[in-house]
Amino acid sequence: MDLNGNAVYELNKKDVLALRIKHVGSPTALYFRHDPLMIVKGEGQYLIDEKGNRYLDCINNVAHVGHSHPKVTEACNEQMSKLCTNSRYLHNTHVSLAERLANTFPNPLDVCFFMNSGSEANDLALTLAAAYSGGTDVITMDSAYHGHVRSCLEISPYKWRKPEDHKDYVHVVSAPDVYRGKYAGSENPGLDYANELNQKIEIMKDKNRKLSAFIMESLQSCGGQIIPPEGYMREAFRYVRAAGGLCIADEVQVGFGRVGSHYWAFQLQGPDVIPDIVTVGKPMGNGHPVSAVITTKEIADSLTNKLPSYFNTFGGNPVSCTIANTVMDIIENENLMENASSVGKYLLEKFELLKKKHKIIGDVRGVGLFIGVELVRDEKTKEPATEEAEVMYNRMRDRYILVSLDGPFNNVMKFKPPMCFTYDNADQLAEVLDDTLSQISC
Ligand code: PMP
């Protein structure tokens, strides 16, 4: 039934599930495995199932400007009806997107490459870093996720299961978690975590290994919504550069104004903190596959000595570029960064109030519309409330609110909704969360 009670969705959920089990690779992720959702429509911050139920989407940072935004659809249709070919031809959409993206970054980050996914962007970032630095080794963060292709899996401890998944050329530093991490409670955690990174570099040098890159998510998402403490990136980048490596900021999850105050999350660490390479994706196409690597001319040019040319069949095609340009227009025209700042602050305040009421909330953290609520069984020991979080996540779904769980113990509720999330949505979310936590606590 649609919202008006008409039987427009003739899809049979049971058959869709059966076909999926039969023909789709079993490791393919699925939410709510015990009773998966079948979503047939998206509208702004809502997802609608085959029965017409509307779910408030608090997860989908890909539908950045709102699901099925009519301006994105219109721009896509118009360009698709004219031309969609590869970037071996000159096209105005390609260069205008490159210029526009470059204008959002501090100097000297003003050269772009385009591709189709966050994984591809990180893969190219690693290739560029190796070409420029001549190094082999990569420093990554505990619980980091950088993508599903092999080069990215090898630097994503989030996905490792066996000891052999940890390759010799990869060195893991602690995530700069100020709630649960190694230096939680320290006076200057930013410095402490950066010093730990430097110790890794020293160990690496003793083994005669040469650093190529340090890669970090500007705000760690799969790792549990971690906001690095002040000074961390500045110090860490200093150590990495002193060892001849490049600094890669993975903004695939958190870029394009999600943090509200800045277009890019690394900018939260201060105007003097500038990565050598930035990777962006997910929100860039509002659901359409498009991503980019932004770097300096010097670093981009270094690839010329290694590869005859960079060619990506779909990357930078006129349709993808038109869509990305339109998404950037909407962020600006609909004041979505201001909205992320104000609604995000309001939501954080609501969650802080809930923390006072529910002992199970150990920590509330976030910036803009990127927020984490960590559930614990004991506020002193911080024992993760993993099972409780799972119950909560299912009960929220029963109340038509979609959240996700993540972090090393799967006990952090992640909130990263479309940027058109409203004060009313925040009220509804906080109210349902309050109810749900009350039921779980007793
Ligand atoms: N980097 C980060 C931080 C991500 O969260 C993801 C996807 N979750 C990726 C890279 C990979 O992006 P994609 O799935 O588009 O390949």
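Trainee: Which residue in S3 does Ile-48 stand opposite?

Mentor: Ile-48 stands opposite Arg-54. Please keep in mind that this is a predicted model. The strands concerned are S2 (residues 46-49) and S3 (residues 54-57), which run antiparallel and are joined by 3 bridges.

Trainee: What is the strand order in the open sheet of 4 strands?

Mentor: The order is S1-S2-S3-S13, and the pairing is mixed. Strand S1 (39-43) and strand S13 (401-402) each have a single partner strand, so one side of each is left without a neighbour in the sheet.

Trainee: And what holds the strands of a sheet together in general?

Mentor: Strands of a sheet pair through backbone hydrogen bonds, in a parallel or an antiparallel sense.

Trainee: Let us move to the ligand. How many residues surround the ligand, and which are the closest?

Mentor: The ligand is surrounded by 13 residues, and the closest are Gly-118, Ser-119, Asp-250, Gln-253 and Lys-282. By class, the shell divides into 8 polar, 3 charged and 2 nonpolar residues. Helix H4 (residues 118-133) supplies the largest share of the shell, with 3 residues.

Trainee: Which atoms of Gly-118 and Ser-119 lie by an oxygen atom of the ligand?

Mentor: For Gly-118, a polar backbone atom is 2.9 Å from an oxygen atom of the ligand. For Ser-119, a polar side-chain atom lies 2.5 Å from an oxygen atom of the ligand.

Trainee: What about Asp-250?

Mentor: An N or O atom in the side chain of Asp-250 is 2.7 Å from a nitrogen atom of the ligand.

Trainee: A change of topic: where is Arg-365, and is it buried or exposed?

Mentor: Arg-365 is in strand S11 (residues 361-367). Its relative accessibility is 10%, so Arg-365 counts as buried under the 20% cut-off. S11 is mostly covered, with 6 of its 7 residues buried.

Trainee: Which polar partners does the side chain of Arg-365 have?

Mentor: The side chain of Arg-365 makes a polar contact with the side chain of Asp-363 at 2.7 Å. The side chain of Arg-365 also reaches the backbone oxygen of Gly-224, at 2.8 Å. Beyond its neighbours within four places in sequence, Arg-365 is in contact with a number of residues, including Tyr-179, Gln-225, Leu-348, Glu-374 and Val-412.

Trainee: What is the bridge partner of Arg-365 in S12?

Mentor: The partner is Gly-372. S11 pairs with strand S12 (residues 370-375) in the antiparallel sense over 6 bridges. The hairpin formed by S11 and S12 has 2 residues between the strands, and there Gly-368 takes a positive phi near 60°.

Trainee: Which residue has a positive phi although it is not a glycine?

Mentor: Phe-32 is one of them, with a positive phi of about 50°. Phe-32 lies in the loop between helix H1 (13-23) and S1, and is buried at a relative accessible area of 5%. Asn-286 also has a positive phi of about 50°. Asn-286 sits in the loop between strand S9 (277-280) and strand S10 (291-295), and is buried at 12% relative accessible area.

Trainee: Lastly, where is the cis peptide bond that involves Pro-108?

Mentor: The cis peptide bond joins Asn-107 and Pro-108, with omega about 5°. Pro-108 belongs to the loop between helix H3 (92-103) and strand S4 (111-115).

Methods: Residues numbered from 1 in each chain as written. Predicted model: local features only at pLDDT ≥ 70, side-chain atom pairs only at ≥ 80, totals over all residues. Heavy atoms only, no water. Near = heavy atom within 4 Å. Polar contact = N/O pair within 3.5 Å; in protein donor to acceptor, adjacent residues only side chain to side chain. Nonpolar A, V, L, I, M, F, W, Y, C, P; charged D, E, K, R; others polar. Buried < 20%, exposed > 50% of the residue type's maximum accessible area, 1.4 Å probe, protein only. Contact = heavy atoms within 4.5 Å. Pairing = 2+ DSSP bridges.
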